[in-house]
Amino acid sequence: MNESPVSMWVHGALPEGVAGVLGRLSQTPGVVRVAVMPDVHLAGEFCVGTVVASRGVLFPNAVGGDIGCGMLAVRFDIAAEALQNEQTAARMLGALCELCPGRRHHRKTTHEPSPELRAMEMASPQLEAMKNGSECRSQLGTLGAGNHFLEWQSDENGQLWLMLHTGSRHLGQEVLHHYLPKAQRLESGVMALDVARKDGHEYTHDMEISRAWAKENRRLLAEGAKLATERVLGARMESETFVDCDHNHVMAEMHDG
């Protein structure tokens, strides 16, 4: 069995068990290269902190359930030292707990998806019904658990920044659970979808909608933080500094050679 190249950006020894997973992945049919990031660690048949280049196959478990998970950052027109006062910081925390909940919104505060999101129809009728259901709606504009976070940061000039990390919440999980049973187990043991087949096309379509859902989720959280900051500090968001990018997705690329 041929092995694909594995490029590493890791300082020190790999975490226990990672080498075996990377070896199996490099021998998986369709994989042409694996890149390993400094934060690599075990996560089932794949590792968090890896990028996989493949030809002809998709790996739902490589993307995982938090499709579109990513980062958002934006600056506010106030110095970060404004939050050094304990009473002010406590008021800010209270406002954020109200406006940027961790798990679900109350039915009275649930966000409506944007018209653009409502117009995006999932390939699967079951997933479309899920997208329009109460569970997905109640989790839109929420942070989630695990390594997701919302925090205030100070830049080199002492200016206040918001940074948050989260993804598509319930919708992304449902997309993974819907398509993983449709995947084929390859000889290396890895589950894969054929890009050229109907399930591969539909997964890619629904994954892109999940990415858009995740982006809207981060935007709504930023809006909540904006309201909290206006309420507690009287500060404004500098929208021209707004940055949003995600890292859990599949992307088609063309390369020479």
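Modeller: Start with Glu208. Its relative accessible area is 36%, so Glu208 is partly exposed. Keep in mind that this is a predicted model.

Colleague: Which residue forms a salt bridge with Glu208?

Modeller: Arg211 does. The closest N and O atoms are 3.5 Å apart.

Colleague: Where do Arg211 and Glu208 lie?

Modeller: Both are in helix 8, residues 198–233. They sit three residues apart, about one turn of the helix.

Colleague: And Arg211, buried or exposed?

Modeller: Buried, because its relative accessibility is 17% and the cut-off for buried is under 20%.

Colleague: What else is linked with Glu208 and Arg211 in that network?

Modeller: Asp246. Salt bridges link Glu208, Arg211 and Asp246 in a network.

Colleague: How many salt bridges does the count come to?

Modeller: 11 salt bridges.

Colleague: Give me one with Glu238. Which side chain does Glu238 meet?

Modeller: Arg75, in a salt bridge at 2.4 Å, N to O. That pair links distant parts of the chain. Glu238 is in strand 10 (residues 237–246), Arg75 in strand 5 (residues 70–79). They are 163 residues apart.

Colleague: How accessible are Glu238 and Arg75?

Modeller: Glu238 has 16% relative accessibility and counts as buried. Arg75 has 26%, so Arg75 counts as partly exposed.

Colleague: Next, Glu112. What does Glu112 meet in a salt bridge?

Modeller: Arg137, at 2.9 Å, N to O. This pair also links distant parts of the chain, 25 residues apart. Glu112 is in the loop between helix 3 (86–99) and helix 4 (115–119). Arg137 is in helix 6, residues 134–139.

Colleague: Is Glu112 buried or exposed?

Modeller: Exposed, with a relative accessible area of 53%. Arg137 counts as buried, at 15% relative accessibility.

Colleague: Switching topic. How many aromatic pairs does the structure hold?

Modeller: Three aromatic pairs. One of them is Phe46 with Phe59: the ring centres are 5.6 Å apart and the planes are at 50°, so the pair is tilted.

Colleague: Where are Phe46 and Phe59?

Modeller: Phe46 is in strand 3 (residues 46–54). Phe59 is in the loop between strand 4 (57–58) and helix 2 (60–63). They are 13 residues apart. Phe46 and Phe59 are buried.

Colleague: What about Phe76 and Trp152?

Modeller: Their planes are at 75°, so that pair is edge-to-face, with ring centres 5.4 Å apart. Phe76 is in strand 5 and Trp152 in strand 6 (residues 149–154), 76 residues apart. Phe76 is buried, at 0% relative accessible area.

Terms used
Residues are numbered from 1 along each chain as its sequence is written. This is a predicted model: local features need pLDDT of at least 70, side-chain atom pairs count only at pLDDT 80 or more; totals for chains, interfaces and linings use all residues. Side-chain values use heavy atoms; hydrogens and water are left out. A salt bridge is a side-chain nitrogen of Lys or Arg within 4 Å of a carboxyl oxygen of Asp or Glu. Helices (H or I, at least four residues) and strands (E, at least two) are DSSP runs, numbered from the N terminus. Buried means under 20% relative accessible area, exposed over 50%, partly exposed in between (1.4 Å probe, protein chains only). Rings of Phe, Tyr and Trp (its six-membered ring) pair if their centres lie within 6.5 Å; planes under 30 degrees apart count as stacked, over 60 as edge-to-face and the rest as tilted.
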